[in-house]
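Here is a short report for a first look at this structure. Keep the view open while reading.

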Amino acid sequence: MNSIASLDDWRASGETISIKGQRIFATVTGTGNPALLLHGFPTASYDYARLLPLLAPHLRLIAFDFLGFGFSDKPRPHTYSLFEQADIAEAVAVHYGAQRCTIITHDMGNSVALELLRRGTLTVERLVMLNGSVLLKYYRPLITQRLLLHPVVGPLITRFRLINRAAFARQFSTLFAAPPADAEIDAFWSLINHHDGA
């Protein structure tokens, strides 16, 4: 297994670009045809830190943090939507000259990718969808995801920061065949909390 980049190295490898008045963190590495990487909930483009060294010899990889995630801006109050995230993904692709690209995605990014396909504004040469549910009848959200979706409970959880690192680690670790190392949990927890995120 290749070693994962430290969070400091990940941040240093990227830049902040302005899209619709918001600062969006993005990193580009590799050579070849462009591939746009769409991350999952509640993490960030750092989801792909282990894959980049494997794919960079073959593709020009464009990874970015959706609005409200990772090192990107986290405006509040703000009504976030998958449609807005698709707008941002399109703008990132255009910014880096990747209107014709491969899309690699997982989790929430799968839904954003489907919206991009529906729009047809990008020429998607290949779509690689990793884990995630796009069919609601197969969707099995974690308890925290169900609570966050609740119109009353969700805002209370974020306002009073009722999910701590320990709760996050327990829930997040269930998504992996082998639980991530504490350092990786710390990195993802740090990304969630960056820019006063909740």
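Val134 lies in the loop that runs between E6 and helix H5 (143-149). The model is a predicted one. Val134 has a relative accessible area of 39%.

Val134 belongs to a nonpolar patch on the surface, together with Leu114, Leu117, Leu127 and Met129. The accessible area of these residues together is about 360 Å². Helix H4 (108-119) supplies at least two residues of the patch, and so does strand E6 (123-129).

## Helix H4

H4 has 12 residues. At 1.5 Å a residue they should span 16 Å, and the end C-alpha atoms are 17 Å apart, which agrees. Just after H4 comes Gly120, with a positive phi of about 70°.

Which residues of H4 are buried? They are Met108, Gly109, Asn110, Val112, Ala113, Glu115 and Leu116. Their cover includes strand E3 (33-38), helix H3 (82-95), strand E5 (100-105) and E6.

An α-helix has 3.6 residues a turn, so residues three or four places apart point the same way.

## Helix H3

H3 has 14 residues. From first C-alpha to last, H3 reaches 20 Å, close to the 20 Å expected at 1.5 Å a residue. Gly97 follows H3, and its phi is positive, near 65°.

Buried residues in H3 are Glu84, Gln85, Ala86, Ile88, Ala89, Glu90, Val92 and Ala93. What covers them includes strand E1 (14-19), strand E2 (22-29), E3, strand E4 (59-64) and H4.

## The E1-E2 hairpin

E1 and E2 form a hairpin, with 2 residues between them. The two strands pair in the antiparallel sense over 6 bridges. Glu15 stands opposite Ala26 in E2. In the turn, Lys20 has a positive phi of about 55°.

## Pro34 in strand E3

Pro34 sits in strand E3. Is Pro34 buried or exposed? Pro34 has 12% relative accessibility, so Pro34 counts as buried.

What does Pro34 touch, leaving aside its neighbours within four places in sequence? Its contacts are Arg60, Ile62, Ala98, Arg100, Cys101 and Thr102. Phe160 is 126 residues apart from Pro34 along the chain. The C-alpha atoms of Pro34 and Phe160 are separated by 41 Å.

Terms used. Residues are numbered from 1 along each chain as its sequence is written. This is a predicted model: local features need pLDDT of at least 70, side-chain atom pairs count only at pLDDT 80 or more; totals for chains, interfaces and linings use all residues. Side-chain values use heavy atoms; hydrogens and water are left out. Patches are made of residues with over 30% relative accessible area and no salt bridge: like charges are joined within 9 Å, nonpolar side chains (Val, Leu, Ile, Met, Phe, Trp, Tyr) within 5 Å. Accessible areas come from the Shrake-Rupley method with a 1.4 Å probe; for residues, only the protein chains shown count as cover. A salt bridge is a side-chain nitrogen of Lys or Arg within 4 Å of a carboxyl oxygen of Asp or Glu. Helices (H or I, at least four residues) and strands (E, at least two) are DSSP runs, numbered from the N terminus. Buried means under 20% relative accessible area, exposed over 50%, partly exposed in between (1.4 Å probe, protein chains only). The expected span of a helix is 1.5 Å times one less than its number of residues. Contact means heavy atoms within 4.5 Å. Two strands pair if DSSP finds at least two bridges between them.
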